[in-house]
Amino acid sequence: MTSSELWTRATAERYDTEDAEMFSAAVLGPTLDFLAELAGDGRALEFAIGTGRVGVPLRERGVPVVGIELSEHMAAVLRRKADEDTLPVTIGDMATTVVPGGFALVYLVYNTITNLLTQDEQVECFRNAARHLEPGGRFVIELGVPPLRLLPPGQVAVPFDVSERHLGFDTFDLVEQVLVSHHFTLEDGRYRRDASRHRYAWPAELDLMARLAGLEPERRVADWDGTPFTQDSTKHISVWRKPTTAARAE
């Protein structure tokens, strides 16, 4: 098992409700368009498929989808939406778990590569993606750009959501390249506190991980709708391609 923190039953049961905005047509539509185009007539493998927010509707579009998920509780919620024959899911970590067959597309959305808390594990995640890809296949990652420009000297926290029902902020360990996301959610007049650890990575660092895995950079945009990526972008969608030639890194 990798260093990823396990999602509990309680977290899995409320995940779809608390992240309801991420299930909206405005968010999912461009995501599915982007991934379906890359998959073409081939199969897709989702690392950390979770409750199937992306995998289930992508399968409904006709793309054969297979998932890898570390949390049995998250997979159990997905299973209410699609059976094993429709969308197979293997319980395991995304850095080392291998499933049968080759894929035209491997994808990892919503910052999930940061659940791997060491650089070595993130490198192995890229290697695992390359291992599953057919020649010419693509690996796609959706990831936020670390907001370190917002940190003045001496400050270690950056808020990312301040609303009536939720307060969220990240604290940063700049030496270890780890952030902790803190959530205070109002429920029945009281605040529930949750926290999760993540290893953030820069786009250039991911490109080097891809190179080590034998993958070539193909495209980087700021969002699923193809918005150009600039120095002011807060996240990126990056695509790497497995060469069609036999020469590649092992």
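## Two helices in contact

Gln 119, Gln 122, Val 123, Phe 126 and Arg 127 in helix H5 meet Glu 205, Leu 206, Met 209, Ala 210 and Leu 212 in helix H6. Contact means heavy atoms within 4.5 Å. By class, this contact has six nonpolar, two polar and two charged residues.

This is a predicted model: local features need pLDDT of at least 70, side-chain atom pairs count only at pLDDT 80 or more, and totals for chains, interfaces and linings use all residues. Residues are numbered from 1 along each chain as its sequence is written, and side-chain values use heavy atoms, leaving out hydrogens and water.

## How the helices cross

H5 covers residues 119–132 and H6 covers residues 203–212. Helices (H or I, at least four residues) and strands (E, at least two) are DSSP runs, numbered from the N terminus. The axes of H5 and H6 come within 8 Å and cross at roughly 55 degrees. That makes H5 oblique to H6. The H5–H6 crossing is right-handed.

## A strand hairpin

Strand S8 (residues 178–187) and strand S9 (residues 190–199) run antiparallel, joined by ten bridges. Strands pair if DSSP finds at least two bridges between them. Leu 179 stands opposite His 198 in S9. Two residues lie between the strands of this hairpin. Asp 188, in the turn, has a positive phi of about 55 degrees.

## Aromatic pairs

The whole structure holds eight aromatic pairs, with ring centres within 6.5 Å. Phe 169 and Phe 184 form a stacked pair (planes under 30 degrees apart). Their centres are 6.2 Å apart, with 15 degrees between the planes. The pair links distant parts of the chain: Phe 169 in strand S7 (residues 166–173) and Phe 184 in S8 are 15 residues apart.

Definitions and conventions:
Axes are lines fitted to C-alpha atoms, for helices over the stretch in contact, and angles run from 0 to 180 degrees between N-to-C directions. Angles under 35 degrees count as roughly parallel, over 145 as roughly antiparallel, 65 to 115 as roughly perpendicular and the rest as oblique. A crossing is left-handed if the near helix is turned anticlockwise from the far one by less than a right angle, and right-handed if clockwise. Ala, Val, Leu, Ile, Met, Phe, Trp, Tyr, Cys and Pro count as nonpolar, Asp, Glu, Lys and Arg as charged, and the others, Gly among them, as polar. Rings of Phe, Tyr and Trp (its six-membered ring) pair if their centres lie within 6.5 Å; planes under 30 degrees apart count as stacked, over 60 as edge-to-face and the rest as tilted.
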